[in-house]
Amino acid sequence: METIIILLVGVLVSVATYLLLSKNVIRVVLGTALLSHAVHLLLLTMGGLKRGSVPILGDQPETYTDALPQALILTAIVISFAVTAFFLVLVFRTYQQTNTDNLHELKGADNE
Amino acid sequence: MNNILVFPMILPIVAGVGLLFFRTSRSIQRWGSIAAMTAVFSISLFILTTVLSDGIMRLDFGEWLPPFGITFVADAFAMLLVSAASLVSILCLLYAAFARDEQREHFFLYPFLLLLTAGVNGSFLTGDLFNLFVCFEVMLLASYVLMTLGGERRQLVEGVKYILINILSSWLFLLGIAYIYGTLGTLNMAHLSLRIAEAGQPPLLTTISILFLVVFSLKAGLVLYFWLPGSYGALPTAVSALFAALLTKVGVYALFRTFTLLFYHEPNITHTIIGWMAVATMIGGSIGAIAYKDIRKIASYNVVIAVGFMLAGLAAFNLEAIEGAIYYLLHDILVKGLLFLSIGSIIYATGKTRFDEVSGLIVNYPLFGWMFFVTILSLGGIPPFSGFPGKILIGQGSIAAGEYVLAAVAFASSLAVLYSLIRIFLSMFWGEMSIRRKDQVPLTKGRLAPILILTLLTAGLGLGMNLLSPYVSEAANVLMNPELYINKALNKPF
């Protein structure tokens, strides 16, 4: 199961890389969103996928699932949600200001 | 008692949120934020003295004992940086209060400045790798907003690049966290250090350490500084001063922490790489500082050179060099704030950004001119100003470690710093007066006050090194002897 998830992470990262390398700003934003999903999946897999029961004291189960990666991912998802939202708004503002969504036209230091 | 450790992070957040409700009253915004940071500064000085007398302090959130809960650990290194960062943010806030940029003030300039310092202080204090990531993100999100606040075209274009590069580096940071959790099963830094020491840092962990090196280099501007000059040049003065003083320093702090506490077993690999990266950074930064005529660009490349210089101290990796690097880090936090405030004031007063367009400013602004001269001497490491002890100790340390190339490049880069800034001084402040007295824009006392205080501080820090030296040697001692940190940061040996 872990292997499949890791392969999925690989696919997500390659798609995200392809999107990041394109000239269109919106594709770049989508690329960053996909990239963060990939790393969240990786975090989950690194902690080990579900094997035992829930980690609650008093139940005395034989094995239990490590709950920490899920807490980490929850935090990371919230952060990446905020960053993506901000980035989208910024890209929209930049589009309004510069009338272009092509990254090549945004390069250079003196484009005032 | 240890609960006091949370204040350097929580006070700016509470004050920042509180100020959101006073949008219409500019004076509450201005003075409220300054009061909050002054409180933070006094608290952090108090913690610093307590740490020196009673040893390293620790706060377990929610009584979850380490390594299970999130902890804040205050050693002398972290507290010195928290104090310096809080001090410089008071002065930047003061400058912002007198610069009266009403449009930005209306859109929550001060709350975001406070949130930025909260993130910075949190990053210095935290004893947990994932919490470090969270504090980085708090700081970065505030910096994204500050970067683009105002919505000028130049800011937006640079903002897109800045945010993209930081999203990528945060992604790499999470990747590193995932791998290290997968291999070692913990994220508490002291616990990690123990487990790495038990394993003897096999090649797998060294590879992960290089991943962290890349992440923190992106934040600090070590070799990977390509994003820095453009974005720092697009900011209003007070914000750019705060960015230059704090943001790269957080990356430098993280590098020092990870490569003295966690990955110190293979210095032949990791610290050699850091050494070459420092050399490349100093050379690249020097070329940049000399190549441009835009004074904002020159100042930004000076930030890059200083990062290379501090990391040279880490690369040499002995007590002397680390001590020198800590001196230099403190000096750099203050003096980079000072440099960017001065550069911003020059641009405000003249309206020009290239140094060959104006001359004779010393007649118009005599006090400001001499303060700028002191800034240059301090940045160049001339005694008695605060840059000197750091430079001499890093130099001695790297020669003692046999890193002659590193020492030579470090001192050559100081010459480049001095040359690039003296050039500004010679052509802008000396020579024929180009602005007539009746046309000159007045630099008010309020604008000059923070610059004057910082100038006095850099002179005072240089002359009063004896006051600072017990703190710095304690900090360097803890960095070089990780077991001191581990003993205090974990309850019992695991």
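Which residue of S2(B) is the bridge partner of Arg58(B)? In S2(B), that partner is Val73(B).

## Basis of the model

This is a predicted model, in which local features need pLDDT of at least 70, side-chain atom pairs count only at pLDDT 80 or more, and totals for chains, interfaces and linings use all residues. Residues are numbered from 1 along each chain as its sequence is written, while chains are lettered from A and ligands numbered from 1 in the order in which they are written.

## Strands of chain B

Strand S1 (residues 57-60) and strand S2 (residues 71-74) of chain B run antiparallel and are joined by 4 bridges. Strands here are DSSP runs of E with at least two residues, helices are runs of H or I with at least four residues, and both are numbered from the N terminus. Two strands pair if DSSP finds at least two bridges between them.

In a regular strand the side chains alternate between the two faces of the sheet. S2(B) is covered on both faces: Thr71(B) and Val73(B) are buried on one side, and Phe72(B) and Ala74(B) are buried on the other. A residue counts as buried if 20 or more other C-beta atoms lie within 10 Å of its own, as exposed if 12 or fewer do, and as partly exposed in between, with C-beta atoms placed from the backbone.

## Helices of chain B

Leu93(B) belongs to helix H3 (residues 76-99) of chain B. Leu93(B) is buried because 28 other C-beta atoms lie within 10 Å. Beyond its neighbours within four places in sequence, Leu93(B) is in contact with Ser33(B), Ile34(B), Met37(B), Tyr110(B) and Leu113(B); a contact requires C-beta atoms, placed from the backbone, within 7 Å. Ala238(B) is 145 residues from Leu93(B) in sequence, yet the two C-alpha atoms are 7.0 Å apart.

Helix H20 (residues 465-480) of chain B reaches 21 Å from its first C-alpha to its last over 16 residues, close to the expected 22 Å. The expected span is 1.5 Å times one less than the number of residues. Its buried residues include Tyr471(B), Glu474(B) and Leu479(B), and the buried residues of H20(B) pack against H2, H3, H11, H14 and H21 of chain B. For helix H18 (residues 404-429) of chain B, the 26 residues should span 38 Å, and the end C-alpha atoms are 37 Å apart, which agrees. Just after H18(B), Gly431(B) takes a positive phi of about 85°.

## Chain A

Chain A has 3 helices and 0 strands. Its radius of gyration, taken over C-alpha atoms, is 19 Å, whereas a compact globule of 112 residues would have a value near 13 Å by the rule of 2.2 Å times the number of residues to the power 0.38. Along the principal axes, the C-alpha atoms of chain A fill a box of roughly 65 × 25 × 20 Å. Buried residues make up 26% of the 112 residues.

An unreviewed UniProt entry lists residues 6-21, 28-47 and 67-92 of chain A under "transmembrane region"; such annotations may be inferred rather than shown by experiment, and positions follow the numbering used here, with feature names shortened. In the model, residues 6-21 of chain A are 94% helix and 0% strand, with end C-alpha atoms 23 Å apart. Residues 28-47 of chain A are 95% helix and 0% strand, and the end C-alpha atoms are 29 Å apart.

## Contact between the chains

The contact takes 28 residues from chain A and 24 residues from chain B. On the side of chain B that touches chain A, H7(B) gives the most, with 16 residues.

Methods. Contact = placed C-beta atoms within 7 Å.
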